[in-house]
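Welcome, and thanks for taking a look at this one with us. Here is a short briefing on helix packing and nonpolar cores.

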Amino acid sequence: MNEPVHLQGGTSQILVMGLSHRTAPVAVRERVAFAEPRIPAALQTLREAHIAEEAVILSTCNRVEIYVATRLPADLAFQDLEEFLGRCHDYRDPLTDHLYRFTEPRSVEHLFRVACGLDSMVLGETEILGQLKDAYELARRRGFTGPRLNKAFQKAFHVAKQVRTETLIQRGSTSVANVAVELAERLFSSLRPCTVLVIGAGDTSEKVARALVSRGAGRLWVTNRTHERAEALAASLGGQAIRFEEWPTAFAQIDIVISSTASPTPLLDRARLERWMRHRSRRPLLLIDIAVPRDIDTSVNELDDVYLYNVDDLQAIADDYVRQRQAEVARCESLIREKVRAFLQPPQRPAPPGDPAPSHA
């Protein structure tokens, strides 16, 4: 790191230096990530080295960013920040090609875009806003922010709220698991009375089951040809394992089936399901077939009160939501640019009073 230098006179400017899933692989991101307990000391280092008057460090699985308000020339500040990042993590390989560096107005625009979920892997997601608020609050409580960053971050949070309410950027779920939950919530007035059966113990079926449980599904059963795997998945989800040969006998009690096995032939066909549906008193049945090849014959969808979705159906719904979100990006970015201009515009000074108008005799 350069020798400490005194900040230059004039108004401090907001700079951002960072890397993200767009510029660096996970192997690099994990090396330079900050564990939360280390952040206050890192912020203190930035201040003591006279790199920044104010600073916030945002560190998530997808990005590491340093926001500073400084009166240093931008090129010197960025050089110091890159060296600071390398030293903090004893990272000796070059970071230059992975890093982005923004000065005003781009730095403020980037902050607003991050807050709105426009720079996220999942367009429009809201988790990053909470992470950004946490990073800001940590710095603010410790006294590492001041007038410039306080105003910028608070404005970013306001813009994010405005984007959520005035655009469709967050419309619909963009993962297979969340689409499945959305379909379940449309079909059943409440998930709380629902019984979910997971057939197989694959990764995607686990994600769908976990999403259903997180949204209040009342009872979860897991079955698998290898009973020990069923027991392990059931335990992790707070459910109950049942033996593979026993799940058909429990079918009358089931509302949602998530099937993901390696069976070469369908587990459920129309004839078998038609017999079972007679004992359900016209209760709807949601079937989510994630298996390839498919576990459930498509002809079951012709039965009354049966709703079948396979993995391609779920992905198509998710992709449609992604397209709808992408169509909203231009509206969001126009709003952000307008807010950035307003944020950076110097306050208007009142005009000096003019000479009094001459009086006429």
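This is a predicted model: local features need pLDDT of at least 70, side-chain atom pairs count only at pLDDT 80 or more; totals for chains, interfaces and linings use all residues.

Residues are numbered from 1 along each chain as its sequence is written, and side-chain values use heavy atoms, with hydrogens and water left out.

**Helix α7 with helix α8**

- Helix α7 (residues 176-187) and helix α8 (residues 203-214) have axes that come within 8 Å and cross at roughly 45 degrees.
- On the α7 side, V176, A177, N178, A180, V181 and A184 meet T204, K207, V208, A211 and L212 of α8 (contact means heavy atoms within 4.5 Å).
- Eight nonpolar, two polar and one charged residue make up the contact of α7 with α8.

**Helix α7 with helix α11**

- α7 also packs with helix α11 (residues 311-344), at an angle of about 100 degrees and with the axes 9 Å apart.
- That makes α7 roughly perpendicular to α11.

**Nonpolar cores**

- The largest nonpolar core has 68 residues, and L43, I66, L85 and F153 have the most contacts inside it (a core joins buried nonpolar residues through side-chain atoms within 4.5 Å; buried means under 20% relative accessible area).
- Helix α6 (residues 147-166) gives the most to this core, with eight residues.
- A second, separate core of 31 residues includes V176, A180, L212 and V222.

Note on methods
Axes are lines fitted to C-alpha atoms, for helices over the stretch in contact, and angles run from 0 to 180 degrees between N-to-C directions. Helices (H or I, at least four residues) and strands (E, at least two) are DSSP runs, numbered from the N terminus. Ala, Val, Leu, Ile, Met, Phe, Trp, Tyr, Cys and Pro count as nonpolar, Asp, Glu, Lys and Arg as charged, and the others, Gly among them, as polar. Buried means under 20% relative accessible area, exposed over 50%, partly exposed in between (1.4 Å probe, protein chains only). Angles under 35 degrees count as roughly parallel, over 145 as roughly antiparallel, 65 to 115 as roughly perpendicular and the rest as oblique.
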